[in-house]
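Thanks for coming. I will keep this short and go through two parts of one model, so please have it open.

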Amino acid sequence: MNTPKITRPHFPHGYVDRPKKFLTWEWVAARVAESKHYWLCSVRPNGRPHVVPRWGAFLDHKFYYDGSPETRHAQNIMKNPHVTLNLENGEKAIFMEGTSRPAGKPDPQFAKRLAKAIGDKYKDRGYSPKPNQWDKGGLYVFTPRQCIAWSQFTEDPTKFVFEEEEG
């Protein structure tokens, strides 16, 4: 992943007129990685939004989550991969725009890392996936395009913009 460009989000006059500092991507990535609850917003084929809570893991600056291809959000991203991913905290806010797509079968080493990361977070809730669980699908990956975050709204609102990776 490329280092994101750091700038200020645009706010109307009077909202945040004198911010004092920028957040670092490392601060944001740590909050996203340690979070247990995420909100994924996709768009239905008729243009209406659809929001669903997700469990997952933030590895290598991407969010991985699983679920049936029959779910509404999975069907939505097959038609339109543009989504938002948000954390629950509104005071230390982090919200990202990007794309979500089926991840395909992960290589065995990554599948072990992912299963461990998800299992460590959610085993107390009864969910510990096995590394081969996604061999036939059901794994999705969210790749951020931009992120807006703050730890104190008037002090440090920061916008991160990621360059599209070639490939």
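Predicted model: local features only at pLDDT ≥ 70, side-chain atom pairs only at ≥ 80, totals over all residues.

Asp60 sits in the loop between E4 and E5. The phi of Asp60 is near 55°, a positive value in a residue other than glycine. Most residues other than glycine have a negative phi. Asp60 is partly exposed, with a relative accessible area of 44%.

His61 is found in the loop between E4 and E5 as well. His61 is not a glycine either, yet its phi is positive, about 65°. With a relative accessibility of 29%, His61 counts as partly exposed.

Now to helix H3, residues 108–122. At the start of H3, a side-chain oxygen of Asp107 comes to within 3.1 Å of the backbone nitrogen of Gln109. How far apart are the end C-alpha atoms of H3? They are 21 Å apart, which agrees with the 21 Å that 15 residues should span at 1.5 Å a residue.

Which residues of H3 are buried? Phe110, Ala111, Leu114, Ala115, Ile118, Gly119, Lys121 and Tyr122 are. They cover an arc of only 160° around the axis, so they lie on the same side of H3. An α-helix has 3.6 residues a turn, so residues three or four places apart point the same way. On the other side of H3, Gln109, Lys112 and Lys116 are exposed.

As for what covers the buried residues of H3, the list includes helix H1 (25–34) and strands E2 (38–43), E4 (57–59), E5 (62–66) and E8 (139–149).

One name among the buried residues deserves a stop, and that is Lys121. The side chain of Lys121 does make a polar contact of 2.5 Å with the side chain of Tyr38. A polar atom of the Lys121 side chain also lies 3.0 Å from the backbone oxygen of Gly56.

Leaving out residues up to four places away in sequence, Lys121 touches Val32, Ala33, Glu34, Ser35, Lys36, Tyr38, Gly56 and Ala57.

Terms used:
Residues numbered from 1 in each chain as written. Heavy atoms only, no water. Helix = DSSP H or I, 4+ residues; strand = E, 2+ residues; numbered from the N terminus. Polar contact = N/O pair within 3.5 Å; in protein donor to acceptor, adjacent residues only side chain to side chain. Contact = heavy atoms within 4.5 Å. Expected span 1.5 Å × (residues − 1). Buried < 20%, exposed > 50% of the residue type's maximum accessible area, 1.4 Å probe, protein only. Arc of directions from axis to C-beta.
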